[in-house]
Amino acid sequence: ATPMSIMVGVGRGAAAGILIRNAEALERLEKVDTLVVDKTGTLTLGKPTLSAVETLGDLPEDEILRLAASLERGSEHPIATSILAGAQARGVTTASVENFTSPAGKGVSGTVDGRRLLLGNSAFLREAGIDVTAADARADTLREGGATVVLLAVGGSVAGLLAVSDPIKDTTTEALTRLREAGLHIVMLTGDNRRSAAAVAARLGIDAVEAEVLPEDKARIVQRLKAEGRVVAMAGDGINDAPALAAADVGIAMGTGTDIAMESAGVTLVKGDLRGIARARHLSRATMANIR
Ligand code: ADP
Ligand code: MG
C-alpha cells in the first residue's frame, strides 16, 4: 500500500470515530471473516445496574447487600461498581474488609466482622467447597433473562445472591446485522455464566458463544480460530481482553474501555459503536482497491 492512500484511509476513519493505528490493520480488515466479540462493555454498555438482591438464608436483604458492597470496595469490576451504587442508593453503609482477594474472572473474598465471605460466580464458590445447588437453581431463573448473578457465601454456605443487568448498546443490533450480511462468522466470548451469555446472544442472533471463559483463555480461543484458517478480528474493552486483542489479526478496542485494551489493538472505536467495524472494513476495501 502506498503511504498516501493509507493516510487517506486513516484520515477518513478518524473523521468517523475509527482510530486506525497502523497500516497493517487497515490492510487486513478487508480479509477478516470472523469476529470474536467480548460481551460486557463491548456488546453491552458495560455499566450494569443492580437489579435484584435476594436472601437464601437467615440474613436480611440489606445485610446481604451490605456485606457484598463491603467486599466490592476493593474491586474495579463493573459488577463491583453496580453493587456499590446499589448500596448507596438504598442508604446501606459498607464495613471494612480484611484479607481481601480478587481472583480475575471469579469474584472477590475477604473477612468482614470476623466472618469469611466469598462473592462471585458459582464456580468460585464451588472451588471453595461450598454447596451451590439450591442457589444456582434460583440464580438460573434470573440468568435466563440475561442478568449476571453473583452468589454471596458467609462462613461456608450461600447466604444470598445479587443480580446485575447490563443493557445492550443501542447500536449493537444494527452493527451485527451489517456484519452478518457481510458474511462474517460472529463468536461471542465472555467470562460470564453460560445461561446469561446465551440469553444475550439469543437476543442478538449470535449462535456461537464461548461462556465462562477465564481471562487467560480468551487469547487461546482467538489463536484456535486462526489455526482453523480464519482471519480473525477481536473486539473488546477490558484488561482481560488485551492478550486476545494482540493475538487477533486485527484487534479492535472500545474507546470507552481500558487504556491497556487500546494499546493492544490496531483499531479503536472512539465511542464504542460497533457499527464502526463494518465501516472500517469498507475503508479497508476502498484503500486496498485504490492501491491495486
Ligand atoms: P466478562 O468477560 O463478562 O468481563 P470477567 O471475566 O471479568 O467477565 O468475570 C467473569 C465472572 O466472574 C463474572 O461474570 C462474575 O460472575 C465473576 N466476577 C468477576 N469479578 C467479580 C467481582 N468483582 N465481583 C463479583 N463477581 C465477579
Ligand atoms: Mg468486557
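A85 lies in helix α5. In this predicted model, A85 has 16 C-beta neighbours inside 10 Å and therefore counts as partly exposed. A residue is buried only if 20 or more other C-beta atoms lie within 10 Å of its own. A85 and S165 are 80 residues apart in sequence. In space, their C-alpha atoms are 13 Å apart.

Helix α5 spans residues 78–89. It lies across β3, β7 and β8 (157–165). Its direction is at about 70 degrees to β3.

These strands belong to an open sheet of six, ordered β3-β8-β7-β6-β5-β4. The pairing is antiparallel. β3 (49–55) and β4 (98–101) are the edge strands, and each pairs on one side only. On average, neighbouring strands of the sheet are turned by 15 degrees against each other, direction ignored. Within the sheet, β6 (residues 115–120) and β7 (residues 148–154) pair in the antiparallel sense over four bridges. L119 has L152 in β7 as its bridge partner.

Helix α4 covers residues 61–72. At 1.5 Å a residue, its 12 residues should span 16 Å. The end C-alpha atoms are 16 Å apart, which agrees. Nine of the 12 residues are buried, so α4 is largely enclosed by the rest of the structure. The buried residues are I64, L65, R66, L67, A68, A69, S70, L71 and E72. The elements covering them include β3, β5 (107–112), β6, β7 and β8. Helix α5 also contributes to this cover.

Strand β11 comprises residues 232–236. Five of its five residues are buried, so β11 is largely enclosed by the rest of the structure. In a regular strand the side chains alternate between the two faces of the sheet. In β11, V232, M234 and G236 are on one side, with A233 and A235 on the other. All are buried, and both faces of the strand are covered.

β11 pairs with β2 and with β12. Strand β2 (residues 34–38) runs parallel to β11 and is joined to it by four bridges. Here V37 stands opposite A235. Four bridges also join β11 to strand β12 (residues 250–254), and these two strands run parallel. M234 stands opposite G251 in β12.

Definitions and conventions:
Residues are numbered from 1 along each chain as its sequence is written. Chains are lettered from A and ligands numbered from 1 in the order in which they are written. Two strands pair if DSSP finds at least two bridges between them. Axes are lines fitted to C-alpha atoms, for helices over the stretch in contact, and angles run from 0 to 180 degrees between N-to-C directions. Two residues are in contact if their C-beta atoms, placed from the backbone, lie within 7 Å. The expected span of a helix is 1.5 Å times one less than its number of residues.
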